Amino acid sequence: MLEQIYKAQRLMDAACEKMGRPINIMEVCGTHTVSIFRNGIRPTLPKRLKLLSGPGCPVCVTDQSYIDSLLELADRDDCLIATYGDMVRVPGKSGSLETKQSSTNVKIVLSSEDALQLAKDNPDKTVVFVAVGFETTAPATAVAVKEAAAEGVDNFCILSGHKLVVPAMRGLLSEKNHNIDAFLCPGHVSVIIGFGAFAEIVEGFGRPCVVAGFEPLQIIEGLGAICQQLAEGKATVQSIYTAVVTKQGNTTAQKIIGECFEAADGYWRGLGLIEKSTLKLKDKYSRFDAVRRFDISEMPAEDKSGCRCGEVLCGLIKPPECKLFEKTCTPDSAVGPCMVSSEGTCAAWFKYGRERRR
Amino acid sequence: MCLAIPARIVELEGDRAVVDAMGNRWKAKTTLLPDAKLGDLVLIHAGFAISLVDEEEAKKTWQLIAEINDFRDTPNKVSG
Ligand code: SF4
Ligand code: SF4
């Protein structure tokens, strides 16, 4: 194992030497961010190699307007909100789902199936499933929608906040002031979409994409592989997470996503409107779409809290550059989603900083 | 939220499974992995099996999950 680490470190050093300027690698995925901090990887990297945390946590990238719509629905007597636990603490205009929980309209579920069951058990209420996440959770939502249609569970619907990883990467690279040289691509998203999906980024933007698992050696080797490509002036798609990631991914899951959803333009926190980056229910299933059922507006909401999550998510600033960081904004009393989510960049920096000071 | 958890299929009826990870058991579905069989080790995400996984990889991921949970559970207060 040490040999592999040394090899990766040599590759990183060589790339820094060769490039003669700082190298910025974005880890797209929040789980990578946490693992990088947890395992103390940052201090072992060459000074000129910078890691940027990307828009990889579904909680963080969900637009404010989505949260506000949920909070409004939670206030209705005829609705039950079924949500993954990660979403309940994200603050909106009027508190968070957690503060609404007292009103018993908010139920935490572990899967879309539980949400569907909740609808079956409560025929007099409309169950709104908080359908967030990337390609890893979208197929689960799709299965539930198909079942609801087949079984006629008409009091079930979803508020789709599903997002697609590759269009977000495209969106970031289309910004004029971005500084991303390469991507460390998410592991479990790639189980679904396959590493072939990143070809678009490599071909369209000439940025190396390497898929790695979440354990430290995978991350270090992934960074090494990226550096090797940069030093050689190449940009290819590579996967070193061979244990579970294939080129074509899980085609059954892709097919089910395709049956229920179509790609639509949509808003991301921080990144704004990105073309064909979100998943919207197809017409065939529109009766399960909470947006239609409750006539929800999809305009982005303004966030006046002073939170700079948007810039954090694009890799433009590091959390300590936000004035609220550690002052008014802490994991116990979070101002923005990047501090709320356990995979959020601000939360990871908060804990890392604390460990470093010890 | 996207970290999938390796678990073994210990009961299977149609696409309804019960899976086990280090003694914890819960319900999951194999709809997205139609070839999954009883006894297989699979990655579970949001209640669905999404891929097969081998023993060695499963162990590494369990280890990682334990570390991440530990990371989450460390108290949030800034000391002193
Ligand atoms: S520290 Fe808090 S307020 Fe600042 S960007 Fe992060 S989450 Fe937002
Ligand atoms: S695996 Fe997916 S959702 Fe999870 S942190 Fe990574 S990118 Fe985000």
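Residues are numbered from 1 along each chain as its sequence is written, and chains are lettered from A and ligands numbered from 1 in the order in which they are written. Because the model is predicted, local features need pLDDT of at least 70 and side-chain atom pairs count only at pLDDT 80 or more, while totals for chains, interfaces and linings use all residues.

Biologist: In what order do the five strands of the open sheet in chain A lie?
Modeller: Helices (H or I, at least four residues) and strands (E, at least two) are DSSP runs, numbered from the N terminus. Two strands pair if DSSP finds at least two bridges between them. The pairing in this open sheet is parallel, and the order is β2-β1-β7-β8-β9.

Biologist: Which strands of chain A are the edge strands?
Modeller: An edge strand of this sheet pairs on one side only. Neighbouring strands of the sheet are turned by 20° against each other on average, direction ignored. The edge strands are β2 (49-53) and β9 (237-239) of chain A.

Biologist: Which residue of β9(A) stands opposite Cys209(A)?
Modeller: Strand β8 (residues 209-211) of chain A pairs with β9(A) in the parallel sense, over three bridges. The residue opposite Cys209(A) is Val237(A).

Biologist: What angle does the direction of helix α11 of chain A make with that of β7(A)?
Modeller: Axes are lines fitted to C-alpha atoms, for helices over the stretch in contact, and angles run from 0 to 180 degrees between N-to-C directions. Two residues are in contact if their C-beta atoms, placed from the backbone, lie within 7 Å. Helix α11 (residues 216-231) packs on the sheet and touches β1 (23-27), β7 (182-185), β8 and β9 of chain A. With the direction of β7(A), that of α11(A) makes about 155°.

Biologist: At what angle do the axes of α1(A) and α11(A) cross?
Modeller: Residues of α1(A), including Leu11(A) and Met12(A), meet residues of α11(A), among them Ile220(A) and Leu223(A). By class, this contact has 13 nonpolar, three polar and three charged residues (Ala, Val, Leu, Ile, Met, Phe, Trp, Tyr, Cys and Pro count as nonpolar, Asp, Glu, Lys and Arg as charged, and the others, Gly among them, as polar). The axis of helix α1 (residues 2-19) of chain A comes within 8 Å of that of α11(A), and the two cross at roughly 35°.

Biologist: How many residues of strand β3 of chain A are buried?
Modeller: A residue is buried if 20 or more other C-beta atoms lie within 10 Å of its own, exposed if 12 or fewer, and partly exposed in between; C-beta atoms are placed from the backbone. In a regular strand the side chains alternate between the two faces of the sheet. In β3(A), Cys79(A), Ile81(A) and Thr83(A) are buried on one side, and Leu80(A) and Ala82(A) on the other. Of the five residues of strand β3 (79-83), the number buried is five.

Biologist: Which residue of β4(A) is the bridge partner of Ala82(A)?
Modeller: Four bridges join β3(A) in parallel to strand β5 (residues 126-133) of chain A, where Cys79(A) stands opposite Thr126(A). With strand β4 (residues 106-108) of chain A, β3(A) pairs in the parallel sense over three bridges. The bridge partner of Ala82(A) in β4(A) is Lys107(A).

Biologist: Why does Leu116(A) count as buried?
Modeller: Leu116(A) is found in helix α6 (residues 112-121) of chain A. Apart from neighbours within four places in sequence, its contacts are Ala144(A), Glu147(A), Ala148(A), Val153(A) and Phe156(A). Leu116(A) is buried because the number of other C-beta atoms within 10 Å is 23.

Biologist: Which element gives the most to the side of chain B that touches chain A?
Modeller: From the N terminus on, the elements of chain B run β-β-β-β-β-α. In all, 28 residues of chain B are in contact with 41 residues of chain A. The elements giving two or more residues to this side of chain B are β4 (41-45), β5 (48-52) and α1 (55-73). The most, seven residues, comes from α1(B).

Biologist: Which residues come nearest to ligand 1?
Modeller: A residue is near a molecule or strand if its C-beta atom, placed from the backbone, lies within 6 Å of it. The shell around ligand 1 divides into 12 nonpolar residues, one polar and one charged. Of these 14 residues, the nearest are Cys307(A), Cys322(A), Cys329(A), Gly336(A) and Cys346(A).
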